[in-house]
Amino acid sequence: MARIAAIVTTRKDEAAGGAPIIHVADRERLKSVSNLLEKALDCAAHQIHEDMIILVDRHQKNR
Amino acid sequence: MASWLSGHPDLAGVALGTFFGASTRILMLRSDYRQYPAYPHGRIIHMALGLIAGALGAVAVPALFNKDYTAITFLALAAQQFREVRNMERNTLSAIDQLELVPRGAAYIEGIAVVFEGRNYLSILAALLTSLAVTLAGWGAGIAVGALYLALMLKFRKGKTIRDIARVEFADVRLDGPDVHVGGIYMMNVGLEANRRIIAEQGIGFVLTPKSDDAKVTLANLGQRQAILHDVSTRLGIYRDDGEPALLPLAKLELASGKLGLLVLPRERDRDKAMMAVTGVPLLEAAVRMPTEANRRKGGA
């Protein structure tokens, strides 16, 4: 099963739960932080809506 | 030469049988775009095994004619050896597969391993038939039978490809916000602007329409889909790197119609070559299903 590795959002009230939530100030920061996290975690970034991106871990060993 | 061959029928049978057995194996051993067996050491292994297969098949006939029935156990021994070949191929390819940007997948590897084993048996059969012909009807007949076998082999060695089961067409890669579509089939959600741009620029889309109900099942097989992605990526290169999880060539079904949407990110954006690569992908034995045959009732209807 895929796992949410991190949530990056500008709207802090919309995300809660087990994955690390990274709160950013604006959409520019959202882009740059997600980009960095995608490369660092090797997890694909998926856009939920314009203010929230989740990083999804699909590595075999985590299944 | 001719008189020597007539004077030593047993030896002639063994020599000609071995020759045609080994030639069969060598003819079927091609280093093509799959780059397997790896040139040159992988080839040496398979040429040596082909020679052994040929010799085993060729020796069996004269031995049996001399009422040496234990010779048949050699063939059993050979079968054991060639099952080992299949294991060897499977292990090697599985190990390599973990380091591929676009893996072959277990189904493709199994297909290749089975072919390697099967071809050794074909080479034994060639040696057996040639040797039998020499023993029964002289060395001239042996050469004729051997040559005929080689010719048949060349004709039938090609298996079926995607071309036989599906109509392949180009389709536009369309980005709708984060969603990537190929010919109207939803593929994936891409979060980053940079990746979307790369997919829009580099991506080539295909839609594979199955030609029959059986073909629908085959195209839906995950192993077959992975084989298509691997082959296309090998032939055209791949715009991808480790640590770029979003740049993934992908195949997804349109559930309602059974069509397969294909998104590839080739390094070489040559549409004709891409088309050739997709249509030329071999059908995997493991993926071919015949539900229409299985469900056919006896006595029509």
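Good morning. Across the interface of chain B and chain A, six residue pairs are found in polar contact, both residues being at pLDDT 80 or more. A polar contact is a pair of N or O atoms within 3.5 Å; within protein, one must be able to donate a hydrogen and the other to accept it, and residues adjacent in sequence count only if both atoms are side-chain atoms. Helix α8 of chain B (residues 193–202) supplies the largest share of the side of chain B that touches chain A, namely three residues. Helices (H or I, at least four residues) and strands (E, at least two) are DSSP runs, numbered from the N terminus.

This is a predicted model, in which local features need pLDDT of at least 70 and side-chain atom pairs count only at pLDDT 80 or more, whereas totals for chains, interfaces and linings use all residues. Residues are numbered from 1 along each chain as its sequence is written, chains are lettered from A and ligands numbered from 1 in the order in which they are written, and side-chain values use heavy atoms, with hydrogens and water left out.

Let us continue with the interface. In contact, meaning heavy atoms within 4.5 Å, are 13 residues of chain B and twelve residues of chain A. Between them, the two chains bury about 970 Å², with 51% of it on carbon and sulfur atoms. In chain B, the residues that lose the most area to chain A are B:Asn189, B:Leu192 and B:Pro245, together 49% of what that side buries. Buried area is the accessible area (1.4 Å probe) that two parts lose on being put together, summed over both.

How many salt bridges are there between chain B and chain A? The count is one, and it joins the side chains of B:Glu244 and A:Lys39 at 2.8 Å, N to O. The term requires a side-chain nitrogen of Lys or Arg within 4 Å of a carboxyl oxygen of Asp or Glu.

I turn now to single residues. Most residues other than glycine have a negative phi. A:Asp42, however, has a positive phi, near 55°, and sits in the loop between α1 (27–41) and β3 (44–49) of chain A. Phi of B:Lys67 is also positive, near 60°; this residue lies in the loop between α3 (41–65) and α4 (71–97) of chain B.

Is B:Lys67 buried or exposed? B:Lys67 counts as exposed because its relative accessibility is 63%, the classes being buried under 20%, exposed over 50% and partly exposed in between (1.4 Å probe, protein chains only). A:Asp42, at 23%, therefore counts as partly exposed. Thank you.
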